[in-house]
Amino acid sequence: MTPFRPVLTGLARTRGVRAALLVDARDGVLVDAVLPTGLRADAVAALAASVFGKAGRSVSAAGDGHVTLVEIEAEAGRLVVVGDVVLVLAAVADPRSSVALTRLALRQAWEALPR
Amino acid sequence: MMRVVEAWAGAPLRQFREATHVEALLLLRPDGQVLAQDGLGRPSAVMSACALAAAIHAAAGALGRSVDGQPFREVHYAGARRQFYLTALPSGTGPLLLLAVFGADGSLGLLRAYADELRVALAQGGATPAAPPADLEQALDRSLATLFGGAPR
């Protein structure tokens, strides 16, 4: 268990959040996660870091500074990601969960991470 | 341009290549026999890479058994300009090795995720397990000839 587990556990307890993952931003390798069985954590982690990184480069190229949040909405769920160049924190949420609540919980969890 | 010795491996490898944008990749048997390659121009480069990849896999396996009781499944090296990732993949014709070379800013996690998909695809491929070649050197030469054209030496 990593020092990040309590924060991830708290995030995963947010209503509508199914999984919380902390990922190495550079390598896309999973650092720690709280998630249900059956979720392909490594794949979700790698894709979340990749999407966040690519969004960051796009935003930077457009002269808009650093990306602060990326959200992907799909038929069966939402992926919400925050982070920086070192770590990425991702939440997988139910499609009908509160967008505002998920984002708030994710940002609070990010601030609470021991770094 | 990707060249394959075993036709059934072509489609999964192309999908992997397109998804990951690796600079080079090799699919080989643990004895060093190449089955497919992309991004390594010369036969000598392919031969060297296969021999080294097979040796690294064997050494990593021995090290894993020594420290962990079971072989290490994959090896990752991060250099200043490039990274490589070497992993074992089961297939219908027996165990295979995948060597992928990618840039320093590439994502290891993404590569591993797509390698898992490739692992599933290759496990279903090939009709029957390949018997160890009676003459390994001839088998290696035939593979290279298939990839690069020309008669085996």
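How do the residues of the lining of the largest pocket divide into nonpolar, polar and charged? Keep that in mind while you get set up.

**Before you click**

You are looking at a predicted model, where local features need pLDDT of at least 70, side-chain atom pairs count only at pLDDT 80 or more, and totals for chains, interfaces and linings use all residues. Residues are numbered from 1 along each chain as its sequence is written, chains are lettered from A and ligands numbered from 1 in the order in which they are written, and side-chain values use heavy atoms, with hydrogens and water left out.

**Stop 1: the largest pocket**

Start with Ala25(A), Ala49(A), Gly53(A), Lys54(A) and Arg57(A), which are the closest to the centre of the largest pocket among the 30 residues that line it. On a 1 Å grid over the protein atoms alone, a pocket is an open set of points where a 1.4 Å probe fits, with protein on both sides within 12 Å along at least five of seven lines; lining residues have an atom within 4 Å of a point. The space in there comes to about 800 Å³, a volume being the space filled by probe spheres set on the points, which are joined across faces, edges and corners.

Now colour by element. Helix α2 (41-61) of chain A gives two or more residues to the lining, and so do α1 (10-20), β6 (96-103) and α3 (108-123) of chain B. The largest share, 9 residues, comes from α2(A). Helices (H or I, at least four residues) and strands (E, at least two) are DSSP runs, numbered from the N terminus.

As for the opening question, the lining has 12 nonpolar, 12 polar and 6 charged residues. Here Ala, Val, Leu, Ile, Met, Phe, Trp, Tyr, Cys and Pro count as nonpolar, Asp, Glu, Lys and Arg as charged, and the others, Gly among them, as polar.

**Stop 2: where the chains meet**

Show both chains. You'll find 9 residues of chain A in contact (heavy atoms within 4.5 Å) with 12 residues of chain B. About 770 Å² is buried between the two chains, and carbon and sulfur atoms give 50% of that area. Buried area is the accessible area (1.4 Å probe) that two parts lose on being put together, summed over both. Select Arg26(A), Asp27(A) and Arg40(A): in chain A they lose the most area to chain B, together 50% of what that side buries.

Next, pick Gln83(B), in strand β5 (residues 82-89) of chain B. Is Gln83(B) buried or exposed? Gln83(B) counts as buried because its relative accessibility is 1%; buried means under 20% relative accessible area, exposed over 50%, and partly exposed in between (1.4 Å probe, protein chains only). Beyond its neighbours within four places in sequence, its contacts include Asp27(A), Tyr77(B) and Phe102(B). Its side chain also reaches the backbone oxygen of Ala104(B) at 3.2 Å.

**Stop 3: a loop in chain A**

Jump to Ser98(A), in the loop between β5 (87-93) and α3 (99-112) of chain A. With 37% relative accessibility, Ser98(A) counts as partly exposed. Its side chain reaches the backbone nitrogen of Leu101(A) at 3.0 Å. Draw a line from Ser98(A) to Arg115(A), 17 residues along the chain, and the C-alpha atoms are separated by 28 Å.

**Stop 4: around chain B**

Chain B has 4 helices and 6 strands, running β-α-β-β-α-β-β-β-α-α along the sequence. Of its 153 residues, 41% count as buried.

Select Leu26(B) in strand β2. Leu26(B) is a buried residue, at 1% relative accessibility. Among the residues it touches, not counting those up to four places away in sequence, are Val34(B), Val46(B), Cys50(B) and Leu98(B).

Asp38(B) sits in strand β3 (residues 34-38) and counts as buried at 7% relative accessibility. A polar contact of 2.8 Å joins its side chain to that of Arg17(B); such a contact is a pair of N or O atoms within 3.5 Å, where, within protein, one must be able to donate a hydrogen and the other to accept it, and residues adjacent in sequence count only if both atoms are side-chain atoms.

Finish at His21(B), in the loop between α1 and β2 (24-28) of chain B. His21(B) has a positive phi of about 55° although it is not a glycine, and at 63% relative accessibility it counts as exposed.
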